[in-house]
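Please read the following report alongside the sequence and the model.

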Amino acid sequence: MSQPILKVGIVAYGHIAKKYHAPLLQALPGFEIVKVYERHHKNAEADYPGVKSVASLDALLNDDDIGLIVITSPNQYHFAQAKAALEAGKHVVLEKPFTVSTMEAEMLLQVAKTEDKILSVFHNRRWDGDFKTVKKVLNSGMLGELVEFESRFDRFINYQRENYWREQDIPGAGVLYDLGPHLIDQALQLFGKPKQVFADIRKQRKDSLIDDYFDILFYYDSHKVRLKAGNLVKELQPRFILHGTQGSYVKYGLDAQRLTPINAENLSKADWGKEAEENWGTLNTYYQGLHINAKVETLAGSYQSYYQDIYEAITMGHSPQVSAQDALDSIELIELALSSHQKMAVLSL
């Protein structure tokens with residue numbers, strides 16, 4: 001029996017759609033991109049013969065053949081576009097962040113429930129090789145009892161990028177809404193919701209219109225989590241730092257999947273998502289009477305796993321691994337971090 005084909009419409013065709021969503025959907029069996037909403041261009045048609053670029057959202061919503069809408073538009077449009085897609089009877093994948101407020105997120109959860117449709121957010125960094133490795137190190141018990149966890153995502157962009165919506169003074173712009181959802185979602189996957197939150201959110205670049213730095217602390221009963229991101233980090237810092245009662249694990253560098261174009265040929269290769277040995281993290285610990293100080297091979301990253309799971313959730317009727325509730329939890333913590341910064345206080349959930 002042939003595999004059911006899920007026809008897809010994509011909203012917006014910027015960098016994220018071109019680099020991640022469209023290539024993954026095009027490469028994976030079971031999906032077929034049929035239309036892309038891009039108001040001023042026909043770039044999707046040029047990249048994927050057979051795909052039609054359309055100038056309105058309604059052209060996607062009114063197409064009865066389309067079962068899944070993937071929304072990659074600026075954050076401030078996520079709520080309205082996702083709501084319209086759900087009410088049109090479509091399943092929806094949203095680029096992170098989910099929405100710009102918990103109120104909008106809660107409303108979308110209710111609409112998805114009413115319409116009985118899948119609603120998920122592209123938290124693809126659950127399938128980063130380094131994050132998968134961190135989970136395995138933690139679960140191994142080789143660090144003993146965890147006392148401190150640090151995760152950071154730094155860049156060096158020491159200028160204001162003109163005509164770039166993420167750097168405009170609009171809802172959902174800035175580094176906290178850009179990189180915060182990745183780091184927060186990973187922390188939630190590892191440890192669940194914290195007991196308390198403290199945040200320092202800044203504009204470090206001269207004349208910046210948006211926050212370009214954050215330092216967020218999550219407090220748990222037995223350990224502390226620090227999440228950081230900044231645009232003025234010229235010298236590479238560790239991506240992950242874990243300290244426990246028996247040892248430490250430190251990992252530099254970002255996921256290897258960003259280095260190779262996503263397409264069917266590359267995804268089929270045995271070394272897809274694998275990291276060069278010189279970038280592996282270091283484990284220094286005492287474990288079962290042995291002192292271990294060695295490199296730990298980074299597990300292969302697998303962004304394709306996100307959409308494979310979405311396909312199965314839609315066609316087989318189960319909940320996706322990245323639920324809308326997961327995404328709402330991240331937005332709730334972003335709002336709590338903003339409140340903590342404004343009050344300069346540690347706040348409880």
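Predicted model: local features only at pLDDT ≥ 70, side-chain atom pairs only at ≥ 80, totals over all residues.

Residues are numbered from 1 along each chain as its sequence is written, and side-chain values use heavy atoms, with hydrogens and water left out.

Helices (H or I, at least four residues) and strands (E, at least two) are DSSP runs, numbered from the N terminus. Buried here means under 20% relative accessible area, exposed means over 50%, and partly exposed lies in between (1.4 Å probe, protein chains only). By that criterion the buried residues of H5 are Thr 102, Glu 104, Ala 105, Leu 108, Val 111 and Ala 112, and what covers them includes helix H4 (78-87), strand S5 (91-94), strand S6 (119-121) and helix H11 (324-343). In H4, the buried residues are His 78, Phe 79, Gln 81, Ala 82, Ala 85 and Leu 86.

Two packed helices are described by the angle between their axes and the distance between the axes. The axes of H4 and H5 come within 9 Å and cross at roughly 10 degrees, which makes H4 roughly parallel to H5. Contact means heavy atoms within 4.5 Å, and here H4 contributes Phe 79, Ala 82, Lys 83, Leu 86 and Glu 87, while H5 contributes Glu 104, Met 107, Leu 108, Val 111, Ala 112 and Glu 115. The residues of this contact divide into 7 nonpolar, no polar and 4 charged, where Ala, Val, Leu, Ile, Met, Phe, Trp, Tyr, Cys and Pro count as nonpolar, Asp, Glu, Lys and Arg as charged, and the others, Gly among them, as polar. Axes are lines fitted to C-alpha atoms, for helices over the stretch in contact, and angles run from 0 to 180 degrees between N-to-C directions. Angles under 35 degrees count as roughly parallel, over 145 as roughly antiparallel, 65 to 115 as roughly perpendicular and the rest as oblique.

**Nonpolar cores**

A nonpolar core is a set of buried Ala, Val, Leu, Ile, Met, Phe, Trp, Tyr and Cys residues joined through side-chain atoms within 4.5 Å. The largest such core has 65 residues, and those with the most contacts inside it are Leu 94, Phe 98, Leu 119, Phe 214, Ile 216, Phe 218 and Leu 227; H11 gives the most to this core, with 8 residues. Leaving aside neighbours within four places in sequence, Leu 94 is in contact with Ile 71, His 78, Ala 82, Leu 108, Leu 119, Ser 120, Val 121 and Phe 122. A second, separate core of 34 residues includes Val 8, Ala 22, Val 36 and Ile 314.

| Residue | Relative accessible area | Residues touched |
|---|---|---|
| Asn 124 | 4% | His 182, Tyr 303 |
| Glu 167 | 1% | Tyr 159, Gln 160, Arg 161, Arg 205, Leu 209, Ile 210 |
| Asp 185 | 2% | His 123, Arg 126, Ser 330 |

Asn 124 is placed in the loop between S6 and helix H6 (129-140), Glu 167 in the loop between S7 and helix H7 (175-178), and Asp 185 within helix H8 (residues 180-191).

**Backbone details**

The peptide bond from Lys 96 to Pro 97 is cis, with omega near -5 degrees, and Pro 97 belongs to the loop between S5 and H5. Asp 116, in the loop between H5 and S6, has a positive phi of about 60 degrees although it is not a glycine, and at 65% relative accessibility Asp 116 counts as exposed. Met 344, in the loop between H11 and strand S15 (347-348), likewise has a positive phi, near 50 degrees, in a residue other than glycine, and Met 344 counts as exposed at 52% relative accessibility. Just after H4, Gly 89 takes a positive phi of about 85 degrees.
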